[in-house]
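I opened this model to see how the chain is put together.

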Amino acid sequence: MEKKSSIFTATHGVMTAEVGVISGELELRSTCDDDGTLTLAITYVGAEEWYTLPGGDYLLHDLRDHEVVHRLLTAVLERS
């Protein structure tokens with residue numbers, strides 16, 4: 001299992017499944033299991049509670065794509 005984490009500022013907010021939109025200084029964590037299953041979570045920087053991004057199951061067909069997908073998601077969420 002591989003975990004990646006990035007901190008960014010979302011001025012317009014990011015939708016979560018549990019609490020709706022959160023904004024400000026956030027941290028994105030993506031976890032990729034050996035079978036390619038990708039799990040996405042987001043939190044306020046320094047907070048303990050993590051939230052999930054809406055959507056279905058995420059599956060990478062090539063585990064090497066994890067880094068690229070993580071960077072793309074961080075960039076998109078930051079621009080939201």
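**Whole chain.** I started with burial: 34% of the 80 residues in the chain are buried. Buried here means under 20% relative accessible area, exposed means over 50%, and partly exposed lies in between, with a 1.4 Å probe and protein chains only. I noted that this is a predicted model, where local features need pLDDT of at least 70 and side-chain atom pairs count only at pLDDT 80 or more, while totals for chains, interfaces and linings use all residues. Residues are numbered from 1 along each chain as its sequence is written, and side-chain values use heavy atoms, with hydrogens and water left out.

I listed the elements next. The chain has one helix and five strands. Their order from the N terminus is β-β-β-β-β-α. The radius of gyration is 12 Å, close to the 12 Å that the globule rule gives for 80 residues, so the chain is as compact as a globular protein of that length. That radius is taken over C-alpha atoms, and the rule is 2.2 Å times the number of residues to the power 0.38. Helices (H or I, at least four residues) and strands (E, at least two) are DSSP runs, numbered from the N terminus.

I then boxed the C-alpha atoms along the principal axes and got roughly 30 × 20 × 20 Å. For contacts, I took heavy atoms within 4.5 Å. Among contacts between residues at least 6 apart in sequence, 48% join residues at least 24 apart.

**Surface and charge.** The chain exposes about 5000 Å², and carbon and sulfur atoms supply 51% of it. The areas come from the Shrake-Rupley method with a 1.4 Å probe; for residues, only the protein chains shown count as cover. I found 6 positive and 14 negative side chains. The centres of the two sets lie 6 Å apart. Lys and Arg count as positive and Asp and Glu as negative; His and the chain ends are not counted. Each charge is placed at NZ of Lys, CZ of Arg, CG of Asp or CD of Glu.

**Strand pairing.** I counted two strands as paired if DSSP finds at least two bridges between them. Strand β1 (residues 2-16) pairs with β2 in the antiparallel sense over 12 bridges. A hairpin of three residues joins β1 to β2. Across this pair, K4 stands opposite S30 in β2.

Strand β2 (residues 20-32) runs antiparallel to strand β3 (residues 37-44), with seven bridges. R29 stands opposite A41 in β3. Four residues separate β2 and β3 in their hairpin, and G36 in the turn has a positive phi of about 95 degrees.

Which other strands does β3 join by two bridges each? One is strand β4 (residues 51-52), antiparallel to β3. The other is strand β5 (residues 58-59), also antiparallel to β3. The β3-β4 hairpin has six residues between its strands, and G46 in the turn has a positive phi of about 90 degrees. On the β5 side, T37 stands opposite L59.

**T31.** This residue lies in strand β2. Its bridge partner in β3 is T39. T31 has a relative accessible area of 10%, so I logged it as buried. Beyond four places in sequence, T31 touches M1, E2, K3, T37, L38, T39 and H66.

**I42.** I looked in strand β3 for this one. Is I42 buried or exposed? I42 is at 0% relative accessibility, so it counts as buried. Its bridge partner in β4 is Y51. Leaving out residues up to four places away, I42 touches a list of residues including F8, V14, I22, W50 and L77. I also checked R29, which is 13 residues from I42 along the chain; their C-alpha atoms are separated by 6.2 Å.

**V69.** I finished in helix α1 (residues 66-79), where V69 sits. V69 is partly exposed because its relative accessibility is 24%. Leaving aside neighbours within four places in sequence, V69 is in contact with L38 and L60. V69 and L38 are 31 residues apart in sequence and 9.7 Å apart in space, C-alpha to C-alpha.
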